[in-house]
Amino acid sequence: MAKIRAAITAIGGYVPEDILSNDDLAKMVDTNDEWITSRTGIKERRILKTPGGGASDIAVPAVLELCEKRGISPLEIDLLICGTVTGDYNFPSTANIICDKIGAKNAWSFDVGAACSGFIYSLSTGSQFIETGKYKKVVVVGVDKMSSIINYEDRATCVIFGDGGGAVLLEPTEEEVGIMDFELHSDGSGAQYLRQPAGGSVKPASHETVDNLEHFVFQEGKQVFKFAVINMADVSESIMKKNKLTGETVDWLVPHQANLRIIDATAHRMELDPAKVMINIQKFGNTTSGTIPLCLWEWEKKLKKGDNIILSAFGGGFTWGAVYLKWAYNS
Ligand code: UT7
């Protein structure tokens, strides 16, 4: 019997309308467009300003878009997995809320908390439910409303992050397309460099944690940069070698959009032509779990059936990894 693979058969994305530019930020903290552009590659990011709007409100239009494109009803979804670290609530899962909002009444659903690797962790997990033959339609979401945990008086973090997300539909195929391989890693000792210090069971919310600004993202940027630049390049090179791919035979790199310098280092190690690297960090900044599906969404029309694509990410945890997929359709 031919092997069943999980193919991406539709994609949706969404970014909020409100733009926060580098010049806007320069009016809020001691920074400037030149510093942000040269150190990160970011020019602007999107912010969800809808009162009471959460990560699920970014995800819902993305999932509905993919249902419409594929011509399916949300009732046909078997499972929905949502990568996020800025869920609507600590519990229940944002995945549960998304399913409720779109009327996916036959799906079960859960969140994956892997920070910037949230989408590739979720995609790899979702692919297993298809490959075993258990399910026919699995939706994988990567979404974050980073503005909800950013201190807009801290120039070290507020210039980097934005809000946005995307979603893909996974369906079984017996063709040589879909998720071909993945390599994932985690190292919890990285928690000291990148985390949200309070609000969990170690330090529940209190007046003190609010006064100490401990509900905002804490990042030692330089340290995270060092780990990111090595590990994203290493894991990308590793998955290429395992699958006998070269810079010539890889058609696209879809890197997590944390910093243009990290993306460039990864592409360089992979010996890739820069034209094969998807980059939209200048428009959206770092949307954490949202970056990779947002790239696929924006590039969808350029992708051809059979294209060799490497997804690669590094983020809080630490978590990192790469997915090798062959694109399954022509738009
Ligand atoms: O996606 C999750 C994983 N996260 C990442 O991958 C992020 C990895 N880290 C980075 O991308 C970079 O470290 C940052 C973009 C966060 C920072 O860039 P950097 O080149 O590492 O800068 P730095 O933190 O070493 O700071 C250099 C200087 C410092 O001033 P002094 O000490 O040299 O006088 C900072 O105070 O730049 C200063 N600085 C700023 N200046 C203007 C820090 N933030 C700003 C700012 N505007 N926004």
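Which residues gather in a patch of positive charge on the surface? They are Arg39, Lys222, Lys226 and Arg261. Please keep in mind as you browse that this is a predicted model.

## The charged patch

Let's start with Arg39, one of the members of that positive patch. Arg39 belongs to helix α2, which covers residues 33-40. With a relative accessible area of 38%, Arg39 is partly exposed.

## Aromatic pairs

Now to the rings: the structure holds nine aromatic pairs. One of them brings together Trp108 and Phe110, with 5.4 Å from centre to centre and 35° between the planes, a tilted arrangement. Trp108 counts as partly exposed at 39% relative accessibility, and Phe110 is also partly exposed, at 22%.

Tyr193 and Phe227 form another tilted pair, their ring centres 5.8 Å apart and their planes at 35°. Tyr193 sits in the loop between β8 (178-186) and β9 (194-195), while Phe227 sits in helix α8 (residues 221-242), so this pair ties together parts of the chain that are 34 residues apart in sequence. As for cover, Tyr193 is buried at 17% relative accessibility, whereas Phe227 is partly exposed at 31%. These two rings also belong to a cluster: ring pairs link Tyr193, Phe227, Phe314, Phe318 and Trp320.

## Cis peptide bonds

A cis peptide bond joins Gly317 and Phe318, with omega at about -5°. Phe318 is found in the loop between β12 (308-315) and β13 (319-326).

A cis bond also joins Phe91 and Pro92, where omega is about 0°. Pro92 is placed in the loop between β4 (79-83) and α4 (94-102). For context, most peptide bonds are trans.

## Positive phi angles

Most residues other than glycine have a negative phi. Against that background, Glu271 is worth a visit: its phi is positive, about 55°, although it is not a glycine. Glu271 lies in the loop between α9 (260-269) and α10 (281-284). At 66% relative accessibility, Glu271 counts as exposed.

Thr288 is another residue that is not a glycine and has a positive phi of about 55°. Is Thr288 buried or exposed? At 2% relative accessibility, Thr288 is buried. Its place is in the loop between α10 and α11.

How many of the nine residues of helix α11 (residues 291-299) are buried? Seven are, so the helix is mostly covered, with "buried" meaning under 20% relative accessible area. The buried residues are Thr291, Ile292, Pro293, Leu294, Cys295, Leu296 and Trp299.

Trp299 also gives us a handy reference point for Ala156. The C-alpha atoms of Ala156 and Trp299 are separated by 30 Å, and the two residues are 143 apart along the chain. Ala156 is in helix α6 (residues 155-158). While Trp299 is among the buried residues of α11, Ala156 is partly exposed at 47% relative accessibility.

Terms used:
Residues numbered from 1 in each chain as written. Predicted model: local features only at pLDDT ≥ 70, side-chain atom pairs only at ≥ 80, totals over all residues. Heavy atoms only, no water. Patch = residues over 30% accessible without salt bridge, like charges linked within 9 Å, V, L, I, M, F, W, Y side chains within 5 Å. Areas by Shrake-Rupley, 256 points an atom, 1.4 Å probe, with all protein chains shown as cover. Salt bridge = Lys/Arg side-chain N within 4 Å of Asp/Glu carboxyl O. Lys, Arg positive; Asp, Glu negative; His and termini not counted. Charge placed at Lys NZ, Arg CZ, Asp CG, Glu CD. Helix = DSSP H or I, 4+ residues; strand = E, 2+ residues; numbered from the N terminus. Buried < 20%, exposed > 50% of the residue type's maximum accessible area, 1.4 Å probe, protein only. Phe/Tyr/Trp six-rings, centres within 6.5 Å; stacked < 30°, edge-to-face > 60°.
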